[in-house]
Amino acid sequence: MPSRCRNALNIVVTTLFAAVVLFTILLAYVTGSLFIHTEQHHLSFGLYGAFLSLHLFLQSLFAFLEHRRMRSPARPQYLRRSVALCIAAYQEDPDYLRKCLRSVRRISFPGLKVVLVVDGNRPEDRYMMDIFQEVMGGADQAGSMVWKGNYHSDGSGGGGVGGGGRSTVHMEEAARVARLVRGCRYSCIMQEWGGKREVMYTAFKALGDSVDYVQVCDSDTVLDPACTIEMLKILEEDPMVGGVGGDVQILNKYDSWISFLSSVRYWMAFNIERACQSYFGCVQCISGPLGMYRSSLLQRFLEPWYHQTFLGSKCSFGDDRHLTNRVLSFGYKTKFTARSQCQTETPTQYLRWLNQQTRWSKSYFREWLYNALWFHKHSLWMTYESVVTGFFPFFLVATVIHLFYRGRLWNILLFLLTVQLVGMVKATYACFLRGSLVMIFMSLYSLLYMSSLLPAKIFALLTINKAGWGTSGRRKIVVNFIGAVPVTVWAMVLLGGVAYTIYCETQEPFSETEKALLIAGTILYACYWLILLVLYLAIVAKRCNKREEQYHLPYAEA
């Protein structure tokens with residue numbers, strides 16, 4: 001069959017498959033078909049619940065199979081390849097940057113090229129270049145340059161330099177940057193502020209085709225010595241793998257309760273969700289702190305990646321997710337390996353975390369639309385999972401509002417119990433897979449998702465075209481209160497539902513069955529939170545704010 005006909009057939013098949021999946025979920029949700037239920041429908045289990053249960057089972061199964069594949073002995077390889085590590089830095093905390101660079105020095109890969117690009121060339125940004133020279137060996141071993149502009153600006157403040165507007169001086173400076181990056185093993189470039197994508201573009205453009213593979217890293221990340229070699233093995237085993245990501249853990253997980261819950265959520269996201277995607281070769285986001293790409297492939301889509309627009313505006317966030325999507329768009333596979341690890345900083349303040357999640361949700365919805373264009377080039381699992389995860393928040397919002405305004409306290413209590421039950425099931429499986437009791441606290445993240453992340457996702461969709469970093473630099477933390485708006489509105493909606501339900505319940509007395517269920521459910525829910533609170537105080541709380549315990553892994557600097 002000609003490739004054009006086969007391509008058209010794949011498009012038709014994946015489109016129909018996506019429509020069938022969405023229609024099935026919608027039908028199960030709207031009809032409310034029940035398999036079993038009590039006499040007065042106080043408890044029930046139907047088609048929609050069965051569908052979600054099957055999804056969680058399949059996701060867990062494929063994640064387990066992928067981890068078993070990772071643990072299998074790898075064939076001996078002669079990895080005579082060149083790799084460049086590109087680090088993006090913006091107003092970084094000096095302590096984090098120093099730890100990042102020290103971990104880079106200990107990476108067990110001979111001849112690794114390191115490129116640090118600083119987003120900012122003002123005097124107050126100079127400290128990052130000084131730290132780079134201090135850790136990487138001084139001016140004799142580490143080349144450095146302060147660029148007045150960047151590849152898309154001459155630094156004069158007069159705008160871009162596109163087309164024939166490039167001055168001779170600007171082109172000479174760009175050539176000097178390329179010579180510095182290609183000629184020095186360690187190089188640091190300070191350039192005019194332009195955002196993370198501008199920083200990444202500088203490193204990729206300057207490297208060109210001088211290396212075989214490009215590894216990416218953030219300046220707040222501590223890398224495992226084996227991270228490079230483990231990702232390189234995945235790329236060398238299969239020439240159709242275009243990018244691979246590693247296991248990103250939290251460096252400052254004991255700084256606060258929000259950073260601790262983020263740490264267990266990160267483990268689930270990478271070791272279950274992305275491990276499942278990796279089984280089918282369709283990881284949908286190679287995370288910025290730890291990823292590697294084929295340089296030849298990267299250069300093919302560098303310009304369209306940088307110049308990405310959405311609804312007429314230039315995209316300034318979601319750089320890593322779009323980078324992954326570009327790899328998938330060429331028909332290449334993307335993989336995950338838990339054998340490559342790193343630790344990265346996460347927000348410790350609730351509002352800063354909320355702003356970060358809102359920014360990530362914006363890029364998720366935007367990239368979902370772009371990703372849908374390439375469903376036909378990959379496994380049907382990518383189509384299926386994208387449909388399920390893309391529409392799930394909207395079904396969940398509808399469910400919550402319906403139950404909270406139905407006028408029965410038992411519906412609200414049953415929903416809260418169900419949320420925590422699903423969280424406990426996922427947490428128990430994570431405990432088994434990771435071999436650590438600490439994953440039991442993953443069930444606490446369910447409440448954080450329902451109360452904060454869910455409204456943040458809806459807010460992100462409504463403000464999807466608003467640009468910005470979302471989180472500030474770590475040297476000076478700036479809290480943006482706009483993230484509290486959707487959470488406040490959501491809380492008012494839920495409190496309104498509770499008030500309405502209480503009013504309805506006062507109009508007629510409880511039946512004996514419902515009264516017994518309410519008492520039993522309340523006791524069960526209270527016991528759950530009491531047990532988790534005791535465990536949290538005994539295991540986690542006593543370690544919080546003890547920074548020396550954050551760096552216990554062998555590859556982290558104390």
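User: By which cut-off is a residue of this predicted model called buried?
Analyst: The model is predicted. The criterion is relative accessible area, taken with a 1.4 Å probe on protein chains only. A residue is buried when this area is under 20%.

User: Which residues of β10 are buried on each of its faces?
Analyst: In a regular strand the side chains alternate between the two faces of the sheet. Both faces of β10 are covered. The buried residues are G291 and Y293 on one side, and M292 and R294 on the other.

User: Which residues of β10 stand opposite V214 and G245?
Analyst: β7 and β10 run antiparallel and are joined by four bridges. β9 also pairs with β10 in the antiparallel sense, over three bridges. The bridge partner of V214 in β10 is Y293, and the residue opposite G245 is G291.

User: What covers the buried residues of α8?
Analyst: Helix α8 spans residues 227-237, and eight of its eleven residues are buried. Among them are C227, I229, M231 and L235. Their cover includes β3 (83-89), β7 (213-218), β8 (221-223), β9 (241-250), β10 (291-294) and β13 (333-344).

Terms used: Residues are numbered from 1 along each chain as its sequence is written. This is a predicted model: local features need pLDDT of at least 70, side-chain atom pairs count only at pLDDT 80 or more; totals for chains, interfaces and linings use all residues. Side-chain values use heavy atoms; hydrogens and water are left out. Buried means under 20% relative accessible area, exposed over 50%, partly exposed in between (1.4 Å probe, protein chains only). Helices (H or I, at least four residues) and strands (E, at least two) are DSSP runs, numbered from the N terminus. Contact means heavy atoms within 4.5 Å. Two strands pair if DSSP finds at least two bridges between them.
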